[in-house]
Amino acid sequence: MEYLVRFAQVHTGFHAAELESLASLNGIELEILKYSANSPFCIVWLASEESARRLISRSILASGIYEVWGSGNDYATLHEDVLSRTSQIRPKYRKSSFRFTVDGYQGKRSQASQRALIESFSYLGFDGPIRMHNVELNICLFEEYQAHAPEPERVFLGRWLAESSRAAVTKYDLKKRHYISTTSMDAEVALVTANMVQAQPGKLVYDPFVGTGSLLIACAHFGAVTIGSDIDGRCIRGKAERHIVSNYQQYQLLHRYLDGFISDLTHCPLRQTRLLDGIVCDPPYGVREGLKVLGTKDGSGKEEVIIDGVPAHLRPNFIPPKKPYSFEAMLDDVLEFAASSLVESGRLCMWMPSANEDEVELEIPTHPALEIVAVCVQPFNKWSRRLLTYRRLPDADIRDETPRAKKEQAVGAHADELNRFRKKYFEGFKTTSKDI
């Protein structure tokens, strides 16, 4: 049966990917019949009304789903299609209370014009009372206009079935959150990421670049148990009453937070076994400051320092030494960690920056044990970022079993030498003859 998904016209590059992820999560057979990123209306095929309700129930980018009663390029074809499709449906709702609304995209009608359109469907024969709230039948007429066009390009009639979880965007708005930083992930994008990693009750999700916990909070919202780490202990500890724990307490989600610890991914203390159901991360892009990992620049060890009889590295204010790190090597390390830590079909959702020019486009990293499920792009001005979603393959499906060589660390002592994206960012993404 055909259903219409009404999207909010934001993050259009994520619409189809979120639907497909939710269908996979719920074991729902989904076929996208008609969709364009330029339109908020998506026609899908689903086996049942119950499947439609489950699919949309936790969507962030959609506002609702409707049973399609008719569609057309003009009202003549729409009425013809409605008469054909609803011949067996209309008697069921003849005495039901109902409501009729008009939803226009890139176009608007006066109240009088809307009433005239609604009355043109009088042949549906509904005799029940008209109500604005708590109705048994909610019918919506959708109009899609081209910009400044006098008449709609496409029209749909549908019966409302269910709303989405879009209200969560307001609930988790960063403006209302206790503890944030300049790099805290926007609530809407974080919730979409949680849908892409398929966070749900009974799953364990880890963020190795946790920051203030935005991605994990979103995963906890959908029921996952979460754990995070960060190389910057200040993020983990926070200040006074504002810290990651206080964010979980704010949303009554503390029971879904295992703990946070100080670590970088190359020295992760988690047991090296496949126990994670999901990994979400927004690795530092190294723009504000160069990327670093634990260690010394020359690779040599240092003698133990004792202060008041206590080894310096065991004192509470100890700051471990760090060395510069290549951005592309970091992405490679994330994939290697995911391959060795994710359960079968577990997912990795990783954000990666990219310039809007071929000359400075970063290659999407791959791993033989990880299948790329989706690549979604969030554009900005001169650069964009991509949400890369991977699925851990069963061992039997890994074709390339050759031991994987670690990507060579970029040579250089300065941040720009180790991070092409950072260099281009401060150059304003201007292409030079050296880059071509």
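This passage describes selected local features of a predicted model. Residues are numbered from 1 along each chain as its sequence is written, and side-chain values use heavy atoms, with hydrogens and water left out. Because the model is predicted, local features need pLDDT of at least 70 and side-chain atom pairs count only at pLDDT 80 or more, while totals for chains, interfaces and linings use all residues.

Two residues that are not glycine stand out by their backbone angles. Most residues other than glycine have a negative phi. Ala 240, however, has a positive phi of about 45° and lies in the loop between α8 (233-237) and α9 (244-250), the helices (H or I, at least four residues) and strands (E, at least two) being DSSP runs numbered from the N terminus. With a relative accessible area of 72%, Ala 240 is exposed, a class that covers values over 50%, whereas buried means under 20% and partly exposed lies in between (1.4 Å probe, protein chains only). Gln 252 likewise has a positive phi, of about 55°, and is located in the loop between α9 and β10 (257-262); its relative accessibility of 60% places Gln 252 among the exposed residues.

Elsewhere, Gln 9 occupies the loop between β1 (2-7) and α1 (15-26) and is partly exposed, at a relative accessible area of 27%. The C-alpha atoms of Gln 9 and Phe 41 are separated by 9.4 Å, the two residues being 32 residues apart along the chain. Val 375, found in strand β17 (residues 370-379), is also partly exposed, with a relative accessible area of 36%.
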